[in-house]
Amino acid sequence: MINCESRSVVVIGGGPAGLSAAIAAFDAGAKDVLVLERDTRLGGILNQCIHNGFGLTLFKSELTGPEYAARLIDMASERGIECRLNTTVVSVAPDKTITCVSEEGVFSITADAIVLTCGCRERPRGAIGIAGARCAGVYTAGTAQKLVNIMGYMAGRECVILGSGDIGLIMARRMTLQGAKVRAVLEIMPRASGLMRNVVQCLNDYDIPLMTSHTVVDVLSQGGRVSGVVAAKVDNDMRPIAGSEFLLPCDTLLLSVGLIPETELAREAGIGLHRVTGGAEVDDTLMSNIDGIFCAGNMLHVHDLADYACLESEVAGKRAAEYAINGGVTRGAFTSVECGDGIRYAVPMKILSSGSGSITFTARPSAEYALGRICIEADGEEIYSKREAGIRPATMLRYVLNSAQSDKLRSASRICIKVRE
Amino acid sequence: MEVVCTVCPRGCNISVISEGEGYAVQGNGCMRGKDYALRELTMPMRNFSLALSVAGGDTDVVAVRTSAPVRRECIAEIALAARALTLSAPIKAGDVIISKVDGDSDLIAASTVNLKEGT
């Protein structure tokens, strides 16, 4: 160890979530906030998301990813928040000692409070078991996005995209605009898994076919590069239907088959993970089971919108600052949030009875409803309800409860969130 | 006619029905949705962005975008013209890359590329 410094709040990850958490922590009174970022610049994945449509909620304007990142970076810099780049955190101990590696060597930092905003990673080819050649030309959509938007390489000339997540849809448009041909987007589910607006503005606008209930069953190669994929229709159990196979000639296969919260540091720190989100399990202050370690953004659960990841991280940053300034908090009893009909998961997972202030809920629906009512119940009594049209698993729901509603949850012994038709 | 709104992530399903001399719009969550749906039937407009190569910069690519929506039918042509450009650093976010690509919309830089150190 070269040295050991100490800080009130340390934020791990300098993407949109981390910058928002750091800004909120500073504004809540923590004056020696430190952001640790492994990349050569701040902004995280926003730097490669050059498409527009970011910031409608937070900045009331339509920005590209780099512009959105620049605004957050400026806000952090105006406050004089220290951000250390090229610094990889290798471990976080439950006593809040952080071990890092940078060009200066290995060093450790002790923090009064930590916010983990490590983002997420893409599900790779190995995780979905596609048969066929192990040749060049198979990329995750995010890798292709980095090749094209950051490094300036065309990832391919003729593409097939497997998976209709937002990144897959956005990459279909990107490859087309950059001069490539996108033959089709295949989706194993009977519906698109990304936002409807992306189906419209990324596929329909460019006449790119979306083939739902289809998957890739074989990857063909010639000279070490993809030469085509064999696609097939799938049945209700998502198994390929024999005889339905057809060839799609292409030189590139892009995979957009899901995102997984990046929880390596969290697991090592002993943070409990949630079986559905794959991310951390947190209470309504976004604190994990380890005192003083907070989690937010895509490492907590995968968001559809950067705005929502930032708003969530503001809560974590503020609560981390309070924790640091008050020298800790005593967490008493809590009630777990149950997910009822139509809800796959909800964040937070626990409500502390000792807390105060407003609670924000985010939830992922498990089914489609043309029209539904989202209800939050405390001991069977409906304390919040909102009518929603077009509820779909692809669109995250977000509700900010007022203090009175939040207090009712705090005194409840049973809390449930559900969709009523 | 059915239109999926792309103004915000809600993605409202909007129906536009011919009514007398005008149109009735239903299903829009806000007024911007009504404008969007009517425009979608007459002249669809889009913002879009591109990644363009840059020589001599601290990064190899600059992100560019339209400063205001352009006619959807013009996108392919604008993209083709932009990809043929030879750009060099420095470029500042907001710099005009091509002026007046359609109407009053310019193609502007969305990221900053500084001169490579040592040049």
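Strands here are DSSP runs of E with at least two residues, helices are runs of H or I with at least four, and both are numbered from the N terminus. Two strands count as paired if DSSP finds at least two bridges between them.

Residues are numbered from 1 along each chain as its sequence is written, while chains are lettered from A and ligands numbered from 1 in the order in which they are written. As the model is predicted, local features need pLDDT of at least 70, side-chain atom pairs count only at pLDDT 80 or more, and totals for chains, interfaces and linings use all residues; side-chain values use heavy atoms, with hydrogens and water left out.

**Sheet and hairpin in chain A**

- β21(A) and β23(A), the latter covering residues 360–365, run antiparallel and share four bridges.
- They belong to an open, antiparallel sheet of three strands in the order β21-β23-β26 (chain A).
- β21 (343–347) and β26 (397–400) of chain A each have a single partner strand, so one side of each of these edge strands lacks a neighbour in the sheet.
- β14 (residues 214–222) and β15 (residues 225–233) of chain A are antiparallel too, joined by eight bridges, and S221(A) sits opposite V226(A).
- Two residues separate β14(A) from β15(A) in this hairpin, and G223(A) in the turn has a positive phi of about 60°.

**Backbone details worth a look**

- V347(A) and P348(A) are linked by a cis peptide bond with omega of about 5°; P348(A) lies in the loop between β21 and β22 (350–352) of chain A.
- In chain B, a cis peptide bond links A89(B) and P90(B), with omega of about -5°; P90(B) is in the loop between β8 (87–88) and β9 (96–102) of that chain.
- S213(A) is not a glycine, yet has a positive phi of about 55°; at 17% relative accessibility it is buried (buried is under 20% relative accessible area, exposed over 50%, partly exposed in between, with a 1.4 Å probe and protein chains only).
- K100(B), in strand β9 of chain B, is not a glycine either and has a positive phi of about 50°; at 52% relative accessibility K100(B) is exposed.

**Salt bridges**

- The structure holds 33 salt bridges over all chains (a side-chain nitrogen of Lys or Arg within 4 Å of a carboxyl oxygen of Asp or Glu).
- E264(A) pairs with R121(A), their closest N and O atoms being 3.3 Å apart; E264(A) is in helix α7 and R121(A) in strand β9 of chain A, so the bridge ties together parts 143 residues apart in sequence.
- D283(A) and R331(A) form another, with closest N and O atoms 2.9 Å apart; D283(A) is buried at 1% relative accessible area, whereas R331(A) is partly exposed at 24%.
- K318(A) and E322(A) form a salt bridge with closest N and O atoms 3.4 Å apart; being four residues apart in helix α8 of chain A, they are separated by about one helical turn.
- R373(A), E377(A), E382(A), K418(A) and R420(A) are joined into one network by salt bridges that share partners.

**Domains of chain B**

- The domain assignment, automatic or from a database, gives domain 1 (2–42) and domain 2 (49–109).
- The centres of domain 1 and domain 2 of chain B, taken over C-alpha atoms, are 30 Å apart.
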